[in-house]
Amino acid sequence: DSGKFTIDLNGKTWESSQWVLCVSGTADIKIIDSTGESGIMKTTDSGSALILLYDTAKIEIAGGSFETSSVAVNMSYGGNATSAELLISGGKITANTCVYAQGSKVTITGGEFETIDRYIIYYITGTLDLSQYAAADKISFYVYSLADVSALNLIIPEGYVIIDKATEEEVTQLEADREYIIAKHVVSVTNADGSVTTNYTSLEDAIEAAELLDNSTVKLLDNISVTTSCTIDSGKFAIDLNGKTWESSQWVLFVRGTADIKITDSTGEGGLMKTTVATCDLIALYDTAKLEIAGGSFESSNYVVDMSDSGLASSSELIISGGKLSGYAIVNAKGSKVTITDGEFEEFDLYSICYATGTLDLSQYADADKIVLFVDYSADVSTLNLILPEGFELKNLNNNEEVTQLEASKMYAITKASGSETAVAASITGRHNHYRVCKHR
């Protein structure tokens, strides 16, 4: 009922067949676990709250684990509102409802929450302050059907929004008898002249908006980790990685249809697109879609860009004008055109580009001698159009002999031809082989 002191679980278990703790009156209690792990407070009664908190009492939960199949902290008294205050700065709470918020204030700055089948907070009265909680987007809450919503004071972190769980729409005003989640703005879309920027909690929603706004820019505001692929079918716009990471356990991006996309990183460093699954390529590019990679880092255990459509040739076009690309191979060139003018490449196998169809234009790439080229076994070499930089020539990587005709299933190097500093860009067609582009000294 009174006093200001700390309860240290000290790695031990405090268990009761009723509620475990009733904090009332003017008591001001802090619960910790000095061991940092294994301290547990739990009730074995499925109908009992774990902790009762009412009157003007205060509790801070700073450590330990708290387990109940009912309510973890009940701030009401006989169903009525109280002036109690709760601060959760650490620990882990597992309950049907973690907090029955019918006191004057609940502040969450840390901790983990796991609900059995409902929501984290049952919100009835007072202030709910999440402004300093970094994981606020993991909070769900229900506003009681008889709550006076005009008296509620919900404070969320900057850059976060309230989402009605049923409608999935962003709201600014709470309503009674509704369930809500907190979401973070992770991406923005800015129109072509920069006059209007709209923030989104969903990458998919941002992409849909950008498809209707030619020359707009989609900018990542936070790291994105998803289990799905993003598909772009139309529109002409840029994607700015903005120093953030876009990660997926699938292919990260499908660029298809008539889409015309440019990927940049306005920070100049740190922007990363990667897949975490070894069997997935990073980007699929097909139909008549176009893609320019101008900045950022791109990581895959397979192809960074696959221009085939289910293994068949497409009419897609790819430009690489910057960025760092790492993969089993950089490009599966099975579209209509690949142009490389800049960028760094790190391949994990024997070649940078698998060349199967269309034009491969390296004429403006100063580091063309770092490219290893494999002509696909299925290629119709008579239709291939390889354009080398001025003064460069093609060599069979197996015997280091200069070639003028490509062959399927061979690797090639590109080198700078000796005594040919004034030579014009060379265009080479071919038969079946692996080649590397090299500079002649």
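Along its principal axes, the C-alpha trace spans about 95 × 45 × 35 Å.

The model is predicted: local features need pLDDT of at least 70, side-chain atom pairs count only at pLDDT 80 or more, and totals for chains, interfaces and linings use all residues. Residues are numbered from 1 along each chain as its sequence is written, and side-chain values use heavy atoms, without hydrogens and water.

Nine strands follow the order 3-6-9-12-15-17-21-19-20, with mixed pairing. Two strands pair if DSSP finds at least two bridges between them. Strand 3 (21-23) and strand 20 (170-171) stand at the edges, each with a single partner strand, so one side of each has no neighbour in the sheet.

Zoom in on strand 19, residues 160-164. Two bridges join strand 19 to strand 20, and the two run antiparallel. Ile162 stands opposite Val171 in strand 20.

Now pick Tyr133, in the loop between strand 16 (127-129) and strand 17 (140-143). Is Tyr133 buried or exposed? Its relative accessibility is 7%, so Tyr133 counts as buried (under 20% relative accessible area, 1.4 Å probe, protein chains only; exposed is over 50%, partly exposed in between). Show its contacts (heavy atoms within 4.5 Å). Not counting residues up to four places away in sequence, Tyr133 touches Ile108, Thr109, Gly110, Gly111, Phe113, Ile139 and Pro157.

Key: Helices (H or I, at least four residues) and strands (E, at least two) are DSSP runs, numbered from the N terminus.
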